[in-house]
Amino acid sequence: MKKIGVFLCNCFGEIGRTVDLESIRKRLASDPSVGFVALRESLCMPGDAAEVRATLRERGVGRVLLGACSPYGRMETVRLGLAKEGVDMRKVRGADLREGCAWIHGKNPAGATRKAANQLDMELARLQNGQDSMDIDIRVRSEALVIGAGPAGLAAACGLAGMGIPVHLVDRGSAPGGLLNVVTKVYPTEVSGPAKIKSLVEMTGSSPLIRFYGKTKVASVKGYAGDFKVALAGPEGNTSLRAGAVVLATGARLLFPRGLYGYGKMKNVITQMEMERQFAAGNVACGNAVFIQCVGARCAERPYCSTICCPLSLKNAMRILDEAPGSTVTILHRDIMTPGSTLEAYYRKALHRGVRFVRFDAQRPPEIRGNGLVSGVEVFDVLSGVTRSIEADLLVLSTPLVADPESAALARMLEIPVDRHGFIAEVYPVHPVETRNDGVFICGTARWPASSDQAIAQGEAAAVKAASFLGKETVPALTMSRVPGTKLGHAEANAEACTGCGNCVAVCPYRACKLQRVGQRSVSRVIKVRCKACGSCMSVCPNGAMQIPEQNYRVTGAMIRRAFREVR
Amino acid sequence: MSPVADTNILVFACRWCGLIGADGAGRRRTELPASFRVIPVECAGYVEPDAVIRAFASGAAGVAVLGCHVGGCRFNDANHPALKRLELLRTLLDTTGIGGDRLLLGFGTAHEHHQWADTIRDFHRHVEGLPSMESWMTSVAGDR
Ligand SMILES: Cc1cc2nc3c(=O)[nH]c(=O)nc-3n(C[C@H](O)[C@H](O)[C@H](O)COP(=O)(O)OP(=O)(O)OC[C@H]3O[C@@H](n4cnc5c(N)ncnc54)[C@H](O)[C@@H]3O)c2cc1C
Ligand code: SF4
Ligand code: SF4
């Protein structure tokens, strides 16, 4: 095996002032695996990489150990510079002698030198014992499956088709549009729901790249990013197709307020959905209308804010005043949530328009009066400290968006988690439309309550994220990293050593380990596309059968043994 | 066999929080005891209980595993089961005589370099105050 070349960086004295680099040089040079040790003033200045490259050629070394700064200092720059010069980055490792040593042990040069020697020794162990994960190329099928044709799914489908990617758009309803189909005026612009998504629906009908499957559900999804095998159940029986990526956009539904504020018993107590239907049918109630906000929301069971209900009530309140002159509207609320300049202006408009607002306390909710029909509401106004009695001919309950149980079933099929309210969980807040399962994206109210504008923006974001993957013919599995940069490697199961205990399957946060039957035995196999090299499976395997070659047990063992080795 | 220094501390620092905290402390040139060595890992999930035991057998007087806050893990909460595994190990350390308080589990975010420095200083002081590992090493050697 080719020897290791070591470069020790003085960093213009920043390191050498504290760490005795010369004694370290001598020590390392005596290691049989080391070909040479060079002291350098710098490693990251223009021309340094080319010089290092020349030395490596001349000396014929294959692996490089750098003693320099921290990986968050200039170390990555140095490694990338070497990669540009044609050096295999996987064969270049660094020990942090500056931030992690010279700069924090400035008052203890002897201790700093000992530590530097140990840390270099430890990184040497990585070069001596580490191996490279075998990279595999994922063949990407440039087609997408979009589940749900509401505003979010439509935006995703049209976005993908706009980038030249064929889309299978599936909806359990007969026509695209989702919840917006029932909304005759969409806040804040007050165009109608169908008008708002007209261009998207038209494109869905006319684009040769989008195929719409109405009254269809997804029966099963198998496979991984790049090639999912999908079975659809539609009116014409089952269809099977393959897609490189899946976008989940199945939306949410409004909570049904059964038993709350007389709902179901008193005919003039309705939900926001029924209010929309009344507007659509053209029969706007005249008289005194009262809205109650946060019904079944921001409570112990559902602590979240549903985002849409406040602007929704503002919209419908103003509409009643406009379309049924002589009416009064009162909104009973706990807080009015109208984030952003547009919605805040919308709130002010409602105030000027004469909508009355009464703030109540969650501990003292409003009480309804009446028999058979609601005739009024008693509410303790927390701002003025008095109990108000309000006449009511119509009571509208603002209930939150809640997760659709069918979406949770889809999530299980796609091996992605849901949060404790049943909404689909994003993988990490900085990856808002991506999920634990690579190649599966989420958008719209399936992931969290959102307005239609937000749902559309998320749909577009999901399209771009999916396209950046679907646009390539093949993708190296090693670049399928959730965190910036490429991943360290991927876990590999040793079929000989594995006893099929399933520990790794239980612990893997990405569902990358699967037990497979091989003859009489069960053995674990790692799906390289999914593995993110977190190391968990290695830690729990009782047989040492799981290893990430780059940091296998030999590497860790040698690093531990060398950590406190005596330095002469 | 490595020499047993009373304050040898082995730190497993995850690359997304612990190691960045260390880097931050370095940039601010926070003077720290030179008793600790760092093994960078992708995630606290890497740290097998076995590795902690091996560290004690290789001359460590304390082992620290520094990862991200629970809930802030870059690997889909892989640090949470890791924390549970290592807490379980702590009991084992007590029964073997090493002492569970020689294992430190620290969770912070990348920005918390002050916390990082304090953690190292406090742990150094704590380990310094414990009886030497020498006696445990000889007792183990004697058992063989
Ligand atoms: C009464 C009411 C009024 C509203 N008014 C406004 C407003 O004025 N302004 C505004 O911005 N927002 C408003 N909203 C919110 C808006 O409707 C949503 O933000 C938006 O519809 C979310 O889009 P989506 O595509 O995520 O979900 P949805 O619109 O819910 O679409 C989901 C689609 O997926 C399909 N689907 C669901 N499950 C499956 C499955 N298992 N298989 C196949 N297909 C499935 C459904 O049939 C549906 O077509 C209102 C909501 C309600 C309830
Ligand atoms: S390293 Fe982590 S992500 Fe990869 S297979 Fe093991 S547990 Fe799963
Ligand atoms: S933990 Fe180890 S032995 Fe158990 S199934 Fe996984 S690889 Fe096999």
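Start between the chains: there is one salt bridge between chain B and chain A. Keep in mind that this is a predicted model.

**Stop 1: the salt bridge.** Select A:Glu14 and B:Arg29. Their side chains form the salt bridge, at 3.0 Å from N to O.

**Stop 2: the polar contacts.** Now widen the selection to polar contacts between chain B and chain A. They join 18 residue pairs, counting pairs with both residues at pLDDT 80 or more.

**Stop 3: the chain B side.** Colour chain B by element.

**Stop 4: the whole interface.** Select both sides together. Here 48 residues of chain B are in contact with 50 residues of chain A. The buried area between the two chains is about 4,000 Å², and carbon and sulfur atoms give 58% of that. Then pick B:Arg37, B:Tyr46 and B:Asn76. These supply 18% of the area chain B buries against chain A, more than any other three residues.

**Stop 5: the cavities.** The structure holds four cavities of 30 Å³ or more. Go to the largest cavity, with about 100 Å³ of space. To centre the view, select A:Cys498, A:Cys501, A:Cys504, A:Ser524 and A:Cys541; of the 16 lining residues, these lie nearest the centre of the largest cavity. Last, colour its lining by class: 10 residues are nonpolar, six are polar and none is charged.

Key:
Residues numbered from 1 in each chain as written. Chains lettered and ligands numbered in written order. Predicted model: local features only at pLDDT ≥ 70, side-chain atom pairs only at ≥ 80, totals over all residues. Heavy atoms only, no water. Contact = heavy atoms within 4.5 Å. Buried area = accessible area lost by both parts, 1.4 Å probe. Salt bridge = Lys/Arg side-chain N within 4 Å of Asp/Glu carboxyl O. Polar contact = N/O pair within 3.5 Å; in protein donor to acceptor, adjacent residues only side chain to side chain. 1 Å grid on protein atoms, 1.4 Å probe; cavity = no way out; pocket = protein on both sides within 12 Å on 5 of 7 lines; lining within 4 Å. Points joined across faces, edges and corners; volume = space filled by probe spheres on them. Nonpolar A, V, L, I, M, F, W, Y, C, P; charged D, E, K, R; others polar.
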